[in-house]
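Here is a quick, friendly walk through one protein model. Have a look at the sequence and the 3D view first, then read on.

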Amino acid sequence: MIRVLSICLILCLSGCVSKSFKPPPPIYKVWNQPGFDELDVKKALLECGDASPSSTYQMYEYAFGLKEERDVINYILITDACMEQAGFTSSNWTFKEKCSWSHHKDLPVCQPGAKIPKPSIERRLNSWYCKLKTDYQYCLKHAVNPPACNPEGYKNPPPECLP
């Protein structure tokens, strides 16, 4: 009887544990706007200056040379503010809510009068992400994993990197 209960307890707990370690969705899945599909969201993120449609902290270091966590968070919040100004909503928190958090209040982007960029097609097409996807030599010099740069892959870049 104790053995059966132990097995049941382990099975129940393993179900809880596996869900708690589920990775977060890519950033483009967090944003939405009626009438816009995933490709539109990916384009908007890049147009607002995000490192990638599925950015990670490490990407900000490679894309922008940001090494301090505070600088990365500030940059993420700049992108969030740009996305909201462009009419997108996040399934997480609003820019204003994030700036009200005690550890974000002193970030430059959360200060009155902070400059928030407007979406830019040129910013998207010249982004670190799109350069990696469309320029083999750039990829070799600037990729997180240069051996993953494939010269054949540049014949068919992702749609978010096309004009």
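## The second largest pocket

Let's start with a pocket whose lining residues split into 11 nonpolar, four polar and one charged: this is the second largest pocket. Keep in mind as you look around that the model is predicted. The second largest pocket holds about 260 Å³ of space.

Its lining is made of 16 residues, and those nearest the centre are Leu-132, Lys-133, Cys-139, Ala-143 and Ala-148. Helix H7, which covers residues 128–134, is the top contributor to this lining, giving four residues.

## The largest pocket

Now for the largest pocket, which has a volume of about 610 Å³. Its lining counts 24 residues; if you want to find the centre, look for Ile-27, Ser-55, Tyr-57, Ile-76 and Asn-92, which lie nearest to it. Two elements, H3 and H4, each give two or more residues to that lining.

Which helix supplies the largest share of the lining of the largest pocket? That would be H4, with five residues. Sorted by class, the lining of the largest pocket comes to 14 nonpolar, seven polar and three charged residues.

## Where H3 meets H4

Helix H3 runs over residues 57–64 and helix H4 over residues 69–85, and their axes are 10 Å apart at an angle of about 90°. Angles of 65 to 115 degrees count as roughly perpendicular, so that is how H3 and H4 sit relative to each other.

Which residues make the contact between H3 and H4? On the H3 side they are Tyr-57, Tyr-60 and Phe-64, and on the H4 side Glu-69, Val-72, Ile-73, Tyr-75 and Ile-76. By class, this contact has seven nonpolar residues, one charged residue and no polar ones.

## A histidine in a loop

One more stop: His-104, which you'll find in the loop between helix H5 (95–100) and helix H6 (121–125). Is His-104 buried or exposed? Its relative accessibility is 6%, and because buried means under 20%, His-104 counts as buried.

So what does His-104 touch? Setting aside neighbours within four places in sequence, His-104 is in contact with Ile-73, Leu-77, Lys-98, Cys-99 and Cys-110. Ile-73 has come up already, as one of the H4 residues that meet H3.

Notes:
Residues are numbered from 1 along each chain as its sequence is written. This is a predicted model: local features need pLDDT of at least 70, side-chain atom pairs count only at pLDDT 80 or more; totals for chains, interfaces and linings use all residues. Side-chain values use heavy atoms; hydrogens and water are left out. Axes are lines fitted to C-alpha atoms, for helices over the stretch in contact, and angles run from 0 to 180 degrees between N-to-C directions. Angles under 35 degrees count as roughly parallel, over 145 as roughly antiparallel, 65 to 115 as roughly perpendicular and the rest as oblique. Contact means heavy atoms within 4.5 Å. Ala, Val, Leu, Ile, Met, Phe, Trp, Tyr, Cys and Pro count as nonpolar, Asp, Glu, Lys and Arg as charged, and the others, Gly among them, as polar. Buried means under 20% relative accessible area, exposed over 50%, partly exposed in between (1.4 Å probe, protein chains only). On a 1 Å grid over the protein atoms alone, a cavity is a set of points where a 1.4 Å probe fits but cannot get out, and a pocket is an open set with protein on both sides within 12 Å along at least five of seven lines; lining residues have an atom within 4 Å of a point. Grid points are joined across faces, edges and corners, and a volume is the space filled by probe spheres set on the points.
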